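Subject: Structure handover

Hello,

Here is the structure for you to look at. My notes follow below it.

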Amino acid sequence: MVMAAKIPTKTKILYGVGAFGYGSTGQAFSAFLMFFGTGILGIPGTLMGVAIAISTIWDGGTDPIVGYMSDRMKSRRFGKRHLFILVGCVAVAIVNIMIWSISPDLPLGAKFALLLFLLLVIETFNTTFSTPYQALGLDLAQNYEDRTAIQAFKTVFSFSSLLVPSLLMAVFLSPDRYANVGESSRGYIHIAMVTSALCIICGLTVFFGTYKHRHINTRQEETEEKKTSIFNDFFGVIRQKNVGRLILGYAISLSAGAFITSLGLHIFTFTFMFTTYQIPIIMMCMVIGIVFGQPMWFYIARRTDKIKALLAALCLVLVGMVVFSLVLATRNTVRAEAVLPLVAMTIFICGLGTGCMYSIPMSMFADCIDIERRKTGNDKTATSAAFLTFCMKISNAFIMFVIGLSLDIIGFDGGRATQSMNVQNWLGMLLIIGVTIACVSAFIVYSGYTYRKKDFQSDNEVD
């Protein structure tokens with residue numbers, strides 16, 4: 001018996017950088033796509049919800065396929081993950097620019113069809129990069145605490161990418177930069193060019209930075225691998241103890257993040273009427289909360305248990321929603337200069353909790369995968385992780401459709417610079433209701449998770 005090697009900090013950083021570049025394009029989509037489609041392209045909110053939902057379902061459906069292919073890749077040059085990572089980051093960067101270059105002057109039907117097609121293409125390449133990339137992180141972490149640590153690094157870099165589109169918004173989307181909608185769409189193209197460059201640079205960084213680890217999990221028997229199918233693997237994943245509950249809880253809890261990121265720009269712009277220079281400050285507060293929260297949650301999970309840290313994080317986000325409710329209700333009665341700090345404080349609190357909801361469940365999922373791998377001797381890391389993201393994306397597709405439909409129901413008009421007081425209030429209420437339901441539901445589901453630290457006490461030893 002020998003001790004499982006710990007991951008050097010350098011390797012964790014080089015791996016985490018990949019999430020920064022990929023996250024830059026993804027966060028731009030989360031923050032701007034609904035607004036870009038309704039406010040710039042003039043596509044109705046319901047159609048935007050449909051387009052995003054279809055592309056997200058497609059993205060989720062390709063996850064298990066790419067995961068299955070990655071687990072069975074036998075390349076001596078690239079291992080199981082690295083070729084997918086290389087191709088994915090370059091392709092995502094190219095299609096990303098094409099999406100934000102759609103002309104507002106096209107007929108509505110043409111705009112919608114082109115947007116939907118390009119969304120399907122970019123989601124395919126998103127999967128090509130993200131599923132093997134995520135599996136690589138699970139491959140690298142060989143013990144209980146390293147799994148938490150590497151997911152924390154990934155989460156820090158991923159959410160640090162929130163600042164990229166937010167800061168670029170202040171540069172390229174300032175209201176006095178362009179005179180009309182057609183010209184203002186150029187700002188989104190410039191943002192896409194920067195985020196695409198970051199996607200390639202960071203993708204190459206993780207490719208070369210972890211290249212020596214490309215064969216870390218290639219010890220499985222090929223004969224047994226060939227006897228399984230993607231469907232057998234799926235049911236094998238969800239039959240594992242605690243895994244089904246973990247997948248469901250993860251999908252539900254991340255719905256809270258979808259509400260915050262997708263409705264955030266609408267709320268900050270139309271409800272609180274912040275400027276393009278103030279909104280990046282708000283987003284920075286969220287990122288700071290996420291980054292500062294990672295060592296805190298790592299410490300709590302190490303001293304108590306991962307599940308206890310996760311449940312505490314969900315409660316903290318609910319506290320953030322209580323504070324946000326008070327700010328929303330009193331925003332027109334308190335001094336104008338006090339509103340920005342109050343909203344910033346609320347978003348900071350939500351950031352503290354949200355960061356844990358992304359990192360700790362992935363660490364817990366890696367624990368479950370490792371238990372199964374030790375029992376069977378088969379590597380289904382990417383396949384298992386793909387089904388986790390598949391369920392999460394199906395949930396996200398539903399949430400995005402609900403958000404788009406809700407915008408139409410409350411009377412949001414993307415062509416207007418200001419919204420009625422009723423619409424302003426409802427934008428805030430949609431956020432509060434959505435996040436609260438997601439967090440409470442996730443708390444109930446996660447409470448049934450039974451693995452504890454003692455179940456992994458011998459995890460530092462490998463054959």
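Arg147 is buried, at a relative accessible area of 2%. Buried means under 20% relative accessible area, exposed means over 50%, and partly exposed lies in between (1.4 Å probe, protein chains only).

First, the basis. This is a predicted model, in which local features need pLDDT of at least 70 and side-chain atom pairs count only at pLDDT 80 or more, while totals for chains, interfaces and linings use all residues. Residues are numbered from 1 along each chain as its sequence is written, and side-chain values use heavy atoms, with hydrogens and water left out.

**Salt bridges**

Which residue does Arg147 pair with? Asp367 forms a salt bridge with Arg147, and the closest N and O atoms are 2.7 Å apart. A salt bridge here is a side-chain nitrogen of Lys or Arg within 4 Å of a carboxyl oxygen of Asp or Glu. Asp367 lies in helix H13 (residues 336-376) and Arg147 in helix H5 (residues 144-160), so the pair ties together parts 220 residues apart in sequence. Helices (H or I, at least four residues) and strands (E, at least two) are DSSP runs, numbered from the N terminus. Asp367 has 1% relative accessibility, so it counts as buried.

Asp367 also forms a salt bridge with Lys306. There the closest N and O atoms are 2.8 Å apart. Lys306 lies in helix H12 (residues 306-330) and Asp367 in helix H13, so this pair ties together parts 61 residues apart in sequence. Lys306 is buried, with a relative accessible area of 2%.

The search of the whole structure finds four salt bridges. Another one joins the side chains of Asp139 and Arg81, at 2.9 Å from N to O. Asp139 lies in helix H4 (residues 108-140) and Arg81 in the loop between helix H2 (45-71) and H3, so parts 58 residues apart in sequence are tied together. Asp139 and Arg81 are both buried. Asp71, Arg81 and Asp139 are linked in a network of salt bridges.

**The H2-H3 loop**

Ser75 is also found in the loop between H2 and H3. Ser75 has a relative accessible area of 19%, so it counts as buried. A polar atom of the Ser75 side chain lies 3.3 Å from the backbone nitrogen of Arg77.

**Back to H5**

Tyr144 has its place in helix H5. Tyr144 is buried, at 8% relative accessibility. Tyr144 and Asp370 are 226 residues apart in sequence, and their C-alpha atoms are 9.4 Å apart in space.

**Aromatic rings**

How many aromatic pairs are there? The search of the whole structure finds 16. Rings of Phe, Tyr and Trp (its six-membered ring) pair if their centres lie within 6.5 Å; planes under 30 degrees apart count as stacked, over 60 as edge-to-face and the rest as tilted.

Phe36 and Trp100 form an edge-to-face pair, 4.8 Å centre to centre with 65 degrees between the planes. This pair links distant parts of the chain: Phe36 is in helix H1 (residues 9-40) and Trp100 in helix H3 (residues 82-100), 64 residues apart. Phe36 is buried, with a relative accessible area of 0%. Trp100 is buried too, at 2% relative accessibility.

Phe268 and Phe274 form a tilted pair. Their centres are 6.4 Å apart, with 35 degrees between the planes. Both are buried.

Phe36 and Trp100 also belong to a cluster. Phe29, Phe32, Phe36, Trp100 and Tyr188 form one aromatic cluster.

Two arginines sit over tyrosine rings. The charged end of Arg72 is over the ring of Tyr68, 3.9 Å from its centre. The charged end of Arg214 is over the ring of Tyr211, 4.0 Å from its centre. The test is NZ of Lys or CZ of Arg within 6 Å of the ring centre and within 35 degrees of the ring normal.

**Totals**

The secondary structure comes to 15 helices and two strands. Buried residues make up 58% of the 463 residues in the protein. Of the contacts (heavy atoms within 4.5 Å) with a separation of 6 or more, 86% come from residues 24 or more positions apart. The accessible surface is about 18,500 Å², and 68% of that belongs to carbon and sulfur atoms. Accessible areas come from the Shrake-Rupley method with a 1.4 Å probe; for residues, only the protein chains shown count as cover.

Best wishes

Notes: A polar contact is a pair of N or O atoms within 3.5 Å; within protein, one must be able to donate a hydrogen and the other to accept it, and residues adjacent in sequence count only if both atoms are side-chain atoms.
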